[in-house]
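User: Could you walk me through this chain, one question at a time?

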Amino acid sequence: MQESQSPAPNPPLQESPSLGRRHFLKTTGLTAAMLAAARFDMMAGPFTNADFDKIIPADKKLGRDWIASLYARGEALSATGQDLQRIGMPINGITTGQVYLGGDGKLWYWNLDGVRDKGVSVKGPRFLKPDIAHSPFSQGFALQVGGKAFTLDSEGFKKVVFTNEYPMGRVDYTDSSCPLAVRLEAYTPFIPLNRDDSSHPVIVMRYTLKNTSSSAQQVSIAGWIENISNLKSGGKAKGQKIASYRELDEMSAVECSAEFKDAKMNKAPDNCTFALGIFGNERPEIVDLALTQEGAEGLFSGQKDAVRNGAVEKQDFSKPAYASLGRTFTLQPGETKTVSFSVAWHFPIIQYANAFGMKTVKAPSHYGSLGKNATEMANAVAKRETELYETTRKWTDTWYDSTLPYWFLERTFIPNNCVQTQVAQRIAETGKTPEFYNFLEGVQCCPGNCTHVWHYAQGLARIFPQIERECRDKIEYGMGFDPKTGSMQHRYTEAKFGDAVDGNCGTILRVLRESQMTTDYRFLESIWDRVKLSMDHVIEKWDKDENGLLEGSQHNTLDEPWFGQVHWLINLYHAALKASAVMARQMKQPAVAERYEKIVAKGAPAMVGLLWSDEFGYFIHKPGPAEDQKHGSTNGCHIDQVLGDSWLWNIGLEGILPKEKVRAALEALWTYNFTPDVGVFRKTMKEGRWYAEAGNAGLVMCSFPNGKIEPKSGKASYAGYLNECMTGFEWQVAAHMIWEGMTEKGLAIGKAIYDRYLPRDRNPYNEIECSDHYSRAMSAYGAFLAMCGYQYDGPEGRLAFGPRLQQEDFRAAFTTAEGWGQFSQKVTAGKQSQAIDLHYGVLSLKEIAFDQAEGTNATSAQVSIDGTSVAAAFQTVEKRYILHFQDGLNLKAGQKLEIHFA
């Protein structure tokens, strides 16, 4: 039984949306230099034992320096020394397998065939015991200078520094015994809004070598690969390993494969081609198809003269086999040269899970259908390398060229990497089955594009909206949909699990979001009848009398049905009804919209009257009457209690619940659920998995400040969920707080997550819940949208911004249906101005709006594109400046829209 907490409120933090870093510096007396130089290891305290008498202290005692770190621009995440071994950044194209870039530039955690890693568990063990860099086979790069070889990793160089630039990675190598300094830029083409150009099974390793000595240096740089075809399945099969060399217009490559007497071996998931290439039309001086050992020894003896274009080398399958490729050149003092290698693969058949217990099936991979071998995969990138590199670099620079703190930019974007892991597979069309995306919840964990997990994710819809649209059409309203009843399986692969009320409602909300990330209503028109049927099914199954209060068995993301009146499910249901009403009106069905709106009009006040507790200061859950219906959050303070209102911010709709109740519920979550030391909480609340350990801060799923009612759950593990810190839920609350003006508290929740994933402790690229790279963590992107005050409706041609931080000088990236770029705002002497720099694609607008910055009061606006005036009608509505373009406004990449209010 958890002891009661005092309801005394936490001392307020600064929460005005206009308060930012400059205000903090003024009020604390700290300087920007002091912030940049400070270390923020001490988050909170000091505490006494009495502070934790109530398990979670109401007064968080956050340290002055730690609060400063929330606002400080800071620097990009970096690592050196022992911390390098925990860095594992997914670096392959989306849905092409899983490969990590290590902190020292090695590639590791190769899983290209979908075979389950034995270390994967639904208990998420890698949080407490994070992986250390390892690889099932050998691959690497080295250079030779002055007769000495240096592997390009932490063993070859004394000083190695990794710097985050996700989706790119940077590694710098220096050593007093080496006359060269080396910088690695590793990337796979990653271009928001361009799904196909971001789906190459190719990693580019761009090494820039600089001669730091005073004399000319003869330099060789080369890489090696191991023949991995049928590495697992080959066993004692009779066959041969094959290495070949090819010269193409824009690259040269060595490629490894295998052939067997038994043709079945060619259908194994690990049957593949694997290629190492060098981009450019200069031919390599180093080629070796019969390399017999890994590493730098012997790497630089292979010569091009001995290997002609089209050469093939075969050897017995039972022996290890390697191939190498490299360049030799002279560098003058101070001279630099860049050599771009590619590592590419082609697995035509992959395994993917389609049932619990991780039962797998074989299927053709989408990317495998686009070419015959790995060299062709690499050549597709080589032919466009300048364009693909520069556009990937442009997005990377656009994202990080921001006034927002580096830590915030990193943590809100990095979770999108889950689609670069074995979470995601793109299955090619086979017979009557269309091409589709198979999404797990986490790496090789919980199959079926789970609706009640994936609806939390906000990042993928804004970065690659085409993927989300296809999933709505082909999965939730396709393979997992009953067109007769409107029922939506919460796992498309397994009908026995039925539908989940939160998954249904969350998916309906996703449809409106996906429609808004287009430029017209064609997508919505194609899917609306199915969406309406599913909304009607939710009403018929859980709200038959249409009073707006759900009843019966309500399966949800906490993996068992809750009963009675469940605050967060009702609120999410109302949000889905509100979104459905909007879509119904867009589809010219006002009567349908009115029906949905009437249910909300009844249900919202009924929910407040029934579930709001003035005594507690938050919404509660009233369970069902039977003994086996008593489980759930009951009188606890539950993390998702206002989830529906949070969701509505993401699609630009007004909230449903009274603002003061929403704000109070969020304040209660801060007071009762955010703890500076999760370890103290878990000494009492022992059940549950560890996604925040002793000494870590976090927002726990549910606290019981008024005495815990023991859950009557049939499974203790489900009750244990309430004690965990799961980042996808935490980010949802953080985003909602930022939207509601509780900026500092939202930042604090996010920064606690950042601190938990520092490379000194674990892999910062792997937010864990149930399993690795958990998809719910993409809710983090919602916190970024909130900080920008971003809202977008493509079919209506509307775009809006309202920075919650640093209004006087703000700059951040944005995406729309067809273009992306950078938004900036400045406030000087009471005058507010904005700019939209479009860096990619096109942008069509009919209306653009900006929150009125504090201290401004404009009555007119001047608008221009690249200095040419544009006509616009101006109005101010509820502290928002709105511009209407009667004839529309069209921007192309490279153009700049400027607005000056006066």
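**Arg472 and the chain around it**

Analyst: Let's start with Arg472, whose place is in helix H9 (residues 465-479). Helices (H or I, at least four residues) and strands (E, at least two) are DSSP runs, numbered from the N terminus. This is a predicted model: local features need pLDDT of at least 70, side-chain atom pairs count only at pLDDT 80 or more, and totals for chains, interfaces and linings use all residues. Residues are numbered from 1 along each chain as its sequence is written, and side-chain values use heavy atoms, leaving out hydrogens and water.

User: Does Arg472 count as buried or exposed?

Analyst: Buried means under 20% relative accessible area, exposed over 50%, and partly exposed in between (1.4 Å probe, protein chains only). Arg472 has 1% relative accessibility, so the label is buried.

User: With which side chain does the side chain of Arg472 make a polar contact?

Analyst: A polar contact is a pair of N or O atoms within 3.5 Å; within protein, one must be able to donate a hydrogen and the other to accept it, and residues adjacent in sequence count only if both atoms are side-chain atoms. At 3.0 Å, the partner of Arg472 is the side chain of Glu476.

User: Over what dimensions does the C-alpha trace of the chain span?

Analyst: These are taken along the principal axes of the chain. The C-alpha trace spans about 85 × 65 × 65 Å.
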